Every structure is written in C-alpha cells, then in structure tokens.
Amino acid sequence: MKTLAFSLNQAAKSLGIHEETLAKNMVKAGLAVEPHKKYTLREVFLGYQGGDLKMEQTRKTRAEALWNRLTRCGQHALRP
C-alpha cells in the first residue's frame with residue numbers, strides 16, 4: 001500500500017491555511033519541519049489540529065490518574 005505524502009505547501013493549500021501556521025502547529029505537535037520534506041497524512045493532520053492532540057493526551061492522562069487515585073482509596077466520584 002502506498003503512503004500519501006504531501007509537501008508543506010501542498011498540505012497548507014489543500015487545508016486552506018497558511019504554510020507558516022501549519023509549520024508552527026506541526027512543531028507544537030512535536031514534529032520536525034524541514035524544507036523539501038514530504039509529510040504523511042497523520043503528520044499534516046497533527047499540524048492542522050494545532051498541536052492540540054498533545055494537550056488532549058495530557059488531559060486524558062490526568063483524568064485517568066485522578067480516577068485511579070479515587071478508586072484505589074475506595075472513593076468513587078460517581079457514588080451518591
């Protein structure tokens with residue numbers, strides 16, 4: 001199966017955003033942005049999301065940690 005790959009310019013034009021914005025968001029998402037590099041659809045999507053995926057993963061991890069602490073102590077937050 002062939003992997004789709006896009007230049008930063010192609011991806012930005014397709015998404016209707018500025019190339020610089022996409023590049024900044026990709027860096028926020030932890031990706032290395034280099035000239036003349038092709039990016040996978042996943043990498044482009046992470047950049048389009050504005051790096052919010054990392055924030056969402058952090059939120060999920062914190063919520064799971066809190067739930068584990070509450071259930072370990074026998075205190076369910078959902079109990080009346």
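Which residues are exposed on the other side of α2? In this predicted model, they are Glu20, Lys24, Val27 and Lys28, where exposed means over 50% relative accessible area, buried under 20%, and partly exposed in between (1.4 Å probe, protein chains only). Local features rest on a pLDDT of at least 70, side-chain atom pairs count only at pLDDT 80 or more, and totals for chains, interfaces and linings use all residues of the predicted model. Residues are numbered from 1 along each chain as its sequence is written, and side-chain values use heavy atoms, with hydrogens and water left out.

The protein chain holds four helices and two strands, taken as DSSP runs numbered from the N terminus (helices H or I, at least four residues; strands E, at least two). Along the sequence, these elements follow the pattern β-α-α-β-α-α. Of the 80 residues in the protein chain, 20% are buried. The accessible surface comes to about 6,500 Å², and carbon and sulfur atoms account for 57% of that surface; the areas come from the Shrake-Rupley method with a 1.4 Å probe, and for residues only the protein chains shown count as cover. Among contacts (heavy atoms within 4.5 Å) with a separation of 6 or more, 44% link residues 24 or more positions apart.

Helix α1 shows how the burial is arranged. Its buried residues are Leu8, Ala11 and Ala12. Viewed down the axis of α1, these buried residues fall within an arc of 95°, so they line one face of the helix; the arc is that of the directions from the helix axis to the C-beta atoms. The partners against which the buried residues of α1 pack are β1 (5-6), α2, β2 (39-40) and α3 (41-48). Just after α1, Gly16 adopts a positive phi of about 75°.

The packing of α1 with α2 comes next. Helix α1 (residues 8-15) and helix α2 (residues 19-28) meet at an angle of about 110°, and their axes are 9 Å apart. Here the axes are lines fitted to C-alpha atoms, for helices over the stretch in contact, and angles run from 0 to 180 degrees between N-to-C directions. The two helices are therefore roughly perpendicular to each other, on a scale where angles under 35 degrees count as roughly parallel, over 145 as roughly antiparallel, 65 to 115 as roughly perpendicular and the rest as oblique. On the α1 side, Leu8, Asn9, Ala11 and Ala12 take part, and they meet Glu19, Leu22, Ala23 and Met26 of α2. By class, this contact has six nonpolar, one polar and one charged residues; Ala, Val, Leu, Ile, Met, Phe, Trp, Tyr, Cys and Pro count as nonpolar, Asp, Glu, Lys and Arg as charged, and the others, Gly among them, as polar.

Helix α2 has its own buried residues, namely Leu22, Ala23, Asn25 and Met26. Down the axis of α2, they fall within an arc of 165°, so they line one face of the helix. The cover over the buried residues of α2 includes α1, β2 and α3. Just after α2, Gly30 has a positive phi of about 90°. His36 has a positive phi of about 65° although it is not a glycine, and at 83% relative accessibility His36 counts as exposed.

The axes of α2 and α3 come within 7 Å and cross at roughly 100°, and α2 and α3 are therefore roughly perpendicular to each other. Leu22, Asn25 and Met26 of α2 make this contact with Glu43, Val44, Leu46, Gly47 and Tyr48 of α3. The residues involved divide into five nonpolar, two polar and one charged.

Within α3, the buried residues are Glu43, Val44, Leu46 and Gly47. They cover an arc of only 160° around the axis, which puts them on the same side of α3. Glu43 counts as buried at 17% relative accessibility. Leaving aside neighbours within four places in sequence, Glu43 is in contact with Met26, Leu31, Lys37 and Lys38. Glu43 and Ala5 are 38 residues apart in sequence and 9.4 Å apart in space, C-alpha to C-alpha. Just after α3, Gly50 takes a positive phi of about 80°.
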